[in-house]
Amino acid sequence: MKAFPVLVIFALTYVCSAFQGQQVPDSVRKMELSGDTMGARAALARAVASSPNSIPALTAYTEFLDRYGDPDCREAYLKLLAALRTAGDRSEERRVGK
């Protein structure tokens, strides 16, 4: 019985973080389309800082940096590959590593 509240809190935290992770790319896309690339980069960097192992956040940030030829792109790709390895997503790891 004592485990139930812990499981509920864990589930709510997971659902909220997943929902929040999906909100970032939409707002970032709007910033980017309006020409606010520095704001978009900062928002993506904050998303990665708050969830450093989030594959969606790392992917969005890495792809953004790659699009703009940012010198931090290589480091971001290495972090993304490490997160994919940890998650055991070999097919995505191969796709990103190419």
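Predicted model: local features only at pLDDT ≥ 70, side-chain atom pairs only at ≥ 80, totals over all residues.
The protein chain contains 5 helices and 0 strands. Read along the sequence, the pattern is α-α-α-α-α. The chain has 98 residues, and buried residues make up 27% of them. Among the contacts with a separation of 6 or more, 27% are between residues 24 or more positions apart.

Tyr61 shows how parts of the chain meet here. Leaving out residues up to four places away in sequence, Tyr61 touches Arg41, Leu44, Ala45, Val48 and Ala76.

The helices can now be taken in pairs. Two packed helices are described by the angle between their axes and the distance between the axes.

On the side of helix 2, the contact is made by Thr37, Ala40, Arg41, Leu44, Ala45, Ala47 and Val48. On the side of helix 3, the residues are Ala57, Leu58, Ala60, Tyr61, Phe64 and Leu65. Sorted by class, this contact has 11 nonpolar, 1 polar and 1 charged residues.

Arg41 belongs to helix 2 and takes part in the contact with helix 3. Is Arg41 buried or exposed? Its relative accessible area is 19%, so Arg41 is buried, the limit for that term being under 20%. When neighbours within four places in sequence are left aside, Arg41 is in contact with Tyr61, Phe64, Leu65, Asp70 and Asp72. Tyr61, Phe64 and Leu65 in that list are also residues that helix 3 brings to its contact with helix 2.

Next come helix 3 and helix 4. They pack at an angle of about 155°, with their axes 9 Å apart. Helix 3 and helix 4 are therefore roughly antiparallel to each other. Helix 3 passes helix 4 in a left-handed crossing. From helix 3, the residues that meet helix 4 are Ile55, Leu58, Thr59, Tyr61, Thr62, Leu65 and Asp66. Their partners in helix 4 are Cys73, Ala76, Tyr77, Lys79, Leu80, Ala83, Leu84 and Ala87. By class, the residues of this contact divide into 11 nonpolar, 2 polar and 2 charged.

Glu63 is found in helix 3. With a relative accessibility of 37%, Glu63 counts as partly exposed. Glu63 and Ala76 are 13 residues apart along the chain, and their C-alpha atoms are separated by 9.0 Å. Arg74 lies in helix 4. How exposed is Arg74? Its relative accessible area is 63%, so Arg74 is exposed. Arg74 and Thr62 are 12 residues apart along the chain, with 8.3 Å between their C-alpha atoms.

Thr86 is another residue of helix 4. Thr86 has a relative accessible area of 71% and is exposed. In sequence, Thr86 and Asn53 are 33 residues apart, while in space they are 8.9 Å apart, C-alpha to C-alpha.

The remaining pair is helix 4 and helix 5, which spans residues 90-97. The axes of these helices come within 9 Å and cross at roughly 165°. That angle is why helix 4 is roughly antiparallel to helix 5. The crossing is left-handed. Here Tyr77, Leu80, Leu81, Leu84 and Arg85 in helix 4 meet Arg90, Glu92, Glu93, Val96 and Gly97 in helix 5. By class, this contact has 5 nonpolar, 1 polar and 4 charged residues.

Notes:
Residues numbered from 1 in each chain as written. Heavy atoms only, no water. Contact = heavy atoms within 4.5 Å. Helix = DSSP H or I, 4+ residues; strand = E, 2+ residues; numbered from the N terminus. Nonpolar A, V, L, I, M, F, W, Y, C, P; charged D, E, K, R; others polar. Buried < 20%, exposed > 50% of the residue type's maximum accessible area, 1.4 Å probe, protein only. Axes fitted to C-alpha atoms, helices over the stretch in contact; angles between N-to-C directions. Parallel < 35°, antiparallel > 145°, perpendicular 65-115°, else oblique. Left-handed = near helix turned anticlockwise from the far one by under 90°.
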